Amino acid sequence: RWKASAPRNQPERVAEWCAQLGVQIVAPGDDLYPPQLVNDPRRPAVLFVQGDASVLDARRIGIVGTRNPTRRGALTAERFGHELAEAGVVVVSGLALGVDGAAHRGALMSSAASPVAVVANGHDRPYPKRHGSLWAQVAERGAVISEWPPGVAPDPYRFPQRNRILAALSELVVVVASRERGGSLITAREAAERGVEVFAVPGPIDQRSSVGTNKLLSDGAAPAADVESLLVALGLDHRRAGRRHVDTRVRPDEDGAITLALLKTRSQSIESVAMELGWELGRSARSLAVLERDGWLVEVGGWYESLESVGGAPATRS
């Protein structure tokens, strides 16, 4: 299907379409590519940005939640969005129905707001349709970001994919309301995997929209009782502030560090790692698999090459 679609989706035509929509095409290495994504193990190969991506230089908090919150949950999201924007914090969300939209509406009530939306479709068709005006306001005051070009529909599978970008762009993530399953819990998981602190708003135990958030709290998420607690947390950790190139990859364990040190000199196979380190093949394979999963190396034709620094030259193959 990809091969068949290539003649219909010529790069020149996509570029012209983006220009008509006022969408910038940003790739790793470009000045406007968010530095928070540079070292991400699953960074997008390209981003389509409507608005000003440089607003991500400010402090950033992600607000996510169910599409079907209670009125109280929606009002909480709106209040959090407004108060955070008043404090100069960029509210990052997904422009979906429910909590996402409420958070962005609240942020836009502030004259200081520069919200960011991460969406799961092309910029030619704002989704959901009822958020067309909200989409335009976010793009005008901040930025609407997608990894999909114009013409791409909001297919269901794209939403879980976009959640990793939302999590990676945030300094901390707040889940306002969530059922037992849903996209907001995926975002929370993606955040935790990247070392981004997760907060959850406590809710009544008899409300389905609180099942997910209360479970997050029981699993160790920090309670978000008010905006002040979020601002305090944001002020305590400056590692992800501004345009710093922060490495969000999980640090290698002891075996991983030994394996990675070996790969810095030249590419290795599972067998050569086992032979040089005196390990069983299973131990060698496990170490390499974990390092590949966490973004420290890449496998090419059975050879593993170090990705110690993004854009750096791979090790020399033996």
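User: What should I know about the model and its numbering?

Analyst: The model is predicted, so local features need pLDDT of at least 70 and side-chain atom pairs count only at pLDDT 80 or more, while totals for chains, interfaces and linings use all residues. Residues are numbered from 1 along each chain as its sequence is written, and side-chain values use heavy atoms, with hydrogens and water left out.

User: How many strands does the open sheet have, and in what order?

Analyst: Helices (H or I, at least four residues) and strands (E, at least two) are DSSP runs, numbered from the N terminus. Two strands pair if DSSP finds at least two bridges between them. Here nine strands form an open sheet with mixed pairing, in the order S1-S2-S6-S5-S4-S3-S7-S8-S9.

User: In which sense do S3 and S4 pair?

Analyst: S3 and S4 pair in the parallel sense over three bridges, and Arg 60 stands opposite Val 90 in S4.

User: Which hand does the unit of S3, H4 and S4 have?

Analyst: A crossover is right-handed if, with the strands pointing away from the viewer, the path from the first strand over the helix to the second runs clockwise. S3, H4 and S4 make a right-handed β-α-β unit.

User: Is Arg 194 buried or exposed?

Analyst: Buried means under 20% relative accessible area, exposed over 50%, partly exposed in between (1.4 Å probe, protein chains only). Arg 194 has a relative accessible area of 7%, so Arg 194 is buried. Arg 194 lies in the loop between helix H8 (183-193) and strand S8 (197-200).
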